[in-house]
Amino acid sequence: MTKEMTQEEIRSRIAEYREWMIGVRRHLHRCPETGDEEYETTAYIESLLKEMGIRTEKLLDTGVLGILDAEDRGGKCVALRADIDALPVQEETDLSFRSQRDGFMHACGHDMHMAALLCTAKILSDLRGFLTAPVKFIFQPAEETDGGAERMIRAGCLENPRADYVLGYHVAPEYPAGTIAVKYGYTHASSDMFDIEVVGVKSHGAYPDEGIDAIVAASQIVTAVQSIVSRNIVSTDPCVITIGKFHAGSAGNVIADKAEMSGTMRTTTPQTRKVAMQRLKETAEGVAQAMGARAFVRYRPGYIAQKNDDSVMDVVMETAEECIGKENIFIKEYPSMGVEDFAFYSRERPSAFFFVGTGYRGRKNYGIHHGKFEADESALDIAVLMEIMTCLKLMSSGTDS
């Protein structure tokens, strides 16, 4: 990092643009759009990037890539990512800038992510003469739905110029504003959806011996599946198997010949994922056979597990200690069993994903995806400071400056 770009000067720039950044956040909050429907959001982001003199590329129908061209002086190209989609959640706050679209809300804080990244882009654009490599700004659609990250990558967001590192974060109302939370290794689980079809033989409810009850067989499967985590998975490895949907039968006096179930499997390590999938299939088929029925298991793979690169996390930690102090850094002990499609960037490049506290001190903070979710906007300063300073450290890792 060059001497001209000190933390104090970056903080001064953030203060200069704070009201602008808050205005951007509130505009985005008023106009939420769900995955792959973010047309107005994309146009708004693209217009702001162009005002900054940042080159843009539309790689998908929604979402946009910003490229801050800078003279290549041996630095590393860093990509910064913000997700842009909202949720089909009815807002229940009384904010003056609450959602103007009934039934939709930025209940996951992606409006905060976008505003912070746009401010980061604005400041780095001002200082592009000091950069030693280009910087990429990924405004990605559909994080909440089908994984816009993977599609953005396939469309080339990490190429031309090639990104050497990728940084991302998420707001976290469980931590107070002014703090961050970090974790080495796995931060989020993988997700695999599954469907189980149990086939029996229909008969009159008065004569169960003439049929094979798919409901009874399926119920036994539900019970047996609960032992997979406790008896087949290493006890120190996180794993969750949930059957959340069960449909069977047509009448109260008929033995059902079919039962259908759907669920989700959450794991972190590839080994645990493989074992859990194998044991679920074996359990369902074996239990059904013992009951005289048949079971068919189908998997629908979802997001992969998000895992941080240790060396990039070292830079995040160093930056956080310098910017906010060790006393304001929380170390997460366990990964979230939720999912995060930033994992697809981490699979492609050395990456780090952390959490920025947005909770208000001294009051109740509702979690993300809740209609009463609110974020302390003072956290935007920390998000921008962390993005810029970590970006500059990673960029200078390729130079002698």
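Predicted model: local features only at pLDDT ≥ 70, side-chain atom pairs only at ≥ 80, totals over all residues.
Local features require pLDDT of at least 70 and side-chain atom pairs pLDDT 80 or more, whereas totals for chains, interfaces and linings use all residues. Residues are numbered from 1 along each chain as its sequence is written, and side-chain values use heavy atoms, with hydrogens and water left out.

Helices (H or I, at least four residues) and strands (E, at least two) are DSSP runs, numbered from the N terminus. An open sheet of four strands shows antiparallel pairing in the order 10-12-8-13, where two strands pair if DSSP finds at least two bridges between them. Strand 10 is joined to strand 12 (residues 258-267) by nine bridges, and I243 stands opposite G263 in strand 12.

Helix 5 lies across strand 8 (190-199), strand 10, strand 12 and strand 13, at about 170° to strand 10. Angles run from 0 to 180 degrees between N-to-C directions, and axes are lines fitted to C-alpha atoms, for helices over the stretch in contact. Helix 6 also packs on the sheet, touching strand 8, strand 10, strand 12 and strand 13.

The axes of helix 5 (residues 214-232) and helix 6 (residues 270-290) come within 9 Å and cross at roughly 145°.

Helix 1 (residues 7-30) packs against helix 9 (residues 379-396) at about 135°, with the axes 10 Å apart.

Key
Contact = heavy atoms within 4.5 Å.
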